[in-house]
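Dear colleague,

My findings follow directly after it.

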Amino acid sequence: MIQHLIVLPVVLPLVAGILLLYQRQGLVRYKRTVSVVASILLLFVSIALVNQAASGDITYYALGDWQPPFGVVLVLDRLSALMVLVTAILAVGAVIFACGGDDEKGSNFHGLFQWQLLGINGAFLTGDLFNLFVFFEVLLLASYALLLHGGGKARIQASVHYVVLNLAGSSLFLIAVGILYGATGTLNMADMAHKLSNLPAEREGLVTAGALMLLVVFGLKAAILPLYFWLPRAYAAAPAPVAALFAIMTKVGIYAILRVYSLIFSDQAGGLVALEQPWVWWLALATLAAAGVGVIAARDLRLLIAYLVLISVGTLLAGIGMRSPAATSALLYYLIHTTLITGGLFLLAEMIGLQRGKPGTRIVKGRPLVQGNALALTFFIGAIAVAGLPPLSGALGKALMLNAAEGGERLWLWPLLLLTSLASLIALSRAGSTLFWRSHRGSPSGSNLSRYQWIGMLWLLSASPLMVAFAGPVSSYTQATGEQLANPQLLINSLLPDAGDAQ
């Protein structure tokens, strides 16, 4: 059974999605039970995979027993195992929250939710460039429908931009894959990296063009400036559990950049499109600065949190731009923190909006809340965590990022990261004081929230103190992951033993 663990993050949501979509008219309890059980099983599987990958061994699962580079493979290393675990933790919180009533606002929520998990997990595990495209399409198709869950004018408008831009990105992705296949004769990432080390000079232009096109595609998925304009409105309009799951979507783009450019286009593979190119670093800083302005300008709590997601994108991309194992380790620690905390904040924003009634999540005065004290306390914890204040994990994650910067990088990253943290703190303080203190007099509004909503939200926000409590093991794992990514030959030799002999 151990050798089949790698395929379970793909098979579990696939089977659960089929069961849920086949019984579309089934009882609500049936749908919730299947979805929650499948998500919890995914969590246990992902923990087992992280434990397996922690040894440093890189393993793969050959579908149909077709060995690489000819067959489709799923690859397990420290990075892919970590990303699947973060996805599973996020999914458990989001699906439990949805059981509080959000899943009944439209049809097929749980089936689509599971299929989006299928696409996300497949993208993290695949060792094949074309299947990375396939899994991207699976998760995008599910996300199109989930974004429209419950209907509404705002969601329809946001979904139009989201769908159009991602369709354009998918077309560009397919063209890039075709160019790279034509130049190298393979789609397996490890084999492509091996062949690029001996690429004929006349094909270098084609490969460079394909690699740059991929960077544009992944930049669109990650929401890098100037490709981020679709994100704030889409995330703010999405149903709360969907927005929470979307917190991992930008990280799929970040992961793809890390994976493809540390393996296929690494220095060991010829370095045709090395990420030390200055404009990659500058785009990260520009994204960080623009997101900081967006946070200050936001007048809706959901929109504010969406811009906080963009701040995390700029920070993570800056870590990639520094191109060192220390920076990779820091960005992975920060990635875990920001994904789970922003996901939890989307859920919390929905809870606050439900109790405020007509004002919703707009940052304006409203009547006192029935559960105002409890919501205010959780908002305070989430705010200091995401803004990066001690003693929670946001402060530790940003400190690691700042410490990883070297030389001239510090002159740009330190002031920008600290200023965006200050902007986040100001914006969240203004939102909190308006939502909880500057209330009109009168009887409290709203009714008590569902226990499922509380459980789902607290599950995600509790990640911050836990990441501080277990900072040693977590940072040790991310440090080992950074060192493993810095040596792509390990993965190449694991999938293609003859490649090492050929060198």
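Arg323 lies in the loop that links helix H13 (301-322) to H14; helices (H or I, at least four residues) and strands (E, at least two) are DSSP runs, numbered from the N terminus. The phi angle of Arg323 is near 50 degrees, a positive value in a residue other than glycine. With 35% relative accessibility, Arg323 counts as partly exposed, where buried means under 20% relative accessible area, exposed over 50%, and partly exposed in between (1.4 Å probe, protein chains only).

Please note that this is a predicted model, in which local features need pLDDT of at least 70 and side-chain atom pairs count only at pLDDT 80 or more, while totals for chains, interfaces and linings use all residues. Residues are numbered from 1 along each chain as its sequence is written, and side-chain values use heavy atoms, with hydrogens and water left out.

A positive phi in a residue other than glycine also occurs at Asp65, where the value is near 60 degrees. Asp65 sits in the loop between strand S1 (59-62) and strand S2 (73-76), and with a relative accessible area of 60% Asp65 is exposed.

The bond from Leu225 to Pro226 is cis, with omega near 5 degrees; Pro226 belongs to the loop between helix H8 (204-222) and helix H9 (231-237). The bond from Pro390 to Pro391 is cis as well, with omega near 10 degrees, and Pro391 is in the loop between H15 and helix H16 (393-404).

I turn now to the helix packing. Two packed helices are described by the angle between their axes and the distance between the axes. Axes here are lines fitted to C-alpha atoms, for helices over the stretch in contact, and angles run from 0 to 180 degrees between N-to-C directions.

Helix H14 (residues 325-356) and helix H15 (residues 372-387) have axes that come within 10 Å and cross at roughly 155 degrees. H14 and H15 are therefore roughly antiparallel (angles under 35 degrees count as roughly parallel, over 145 as roughly antiparallel, 65 to 115 as roughly perpendicular and the rest as oblique). Their crossing is left-handed, a term used if the near helix is turned anticlockwise from the far one by less than a right angle, and right-handed if clockwise. On the H14 side, the residues that meet H15 include His337, Ile341, Leu345 and Gln355; on the H15 side, Leu375, Phe379 and Val386 are among them. Contact means heavy atoms within 4.5 Å. The residues of this contact divide into nine nonpolar, six polar and no charged, where Ala, Val, Leu, Ile, Met, Phe, Trp, Tyr, Cys and Pro count as nonpolar, Asp, Glu, Lys and Arg as charged, and the others, Gly among them, as polar.

For helix H1 (residues 8-22) and helix H4 (residues 109-125), the axes come within 8 Å and cross at roughly 160 degrees. This pair is therefore roughly antiparallel, and the crossing of H1 and H4 is left-handed. Pro9, Leu14 and Leu21 of H1 are among the residues in the contact, as are His110, Trp115 and Leu125 of H4. By class, the contact of H1 with H4 has 13 nonpolar, six polar and no charged residues.

Helix H3 (residues 78-98) and helix H11 (residues 249-263) pack at an angle of about 175 degrees, their axes being 12 Å apart. That angle makes H3 roughly antiparallel to H11. Leu79, Ser80 and Met83 of H3 meet Lys251, Tyr255, Leu258 and Arg259 of H11. Here the contact has four nonpolar, one polar and two charged residues.

Apart from neighbours within four places in sequence, Phe218 is in contact with Leu132, Phe136, Phe173, Gly253, Ala256, Ile257, Val260 and Tyr261.

Two further residues complete these notes. Asn131, in helix H5 (residues 129-147), counts as buried at 15% relative accessibility. Pro473, in helix H20 (residues 471-485), is exposed, with a relative accessible area of 55%.

With kind regards
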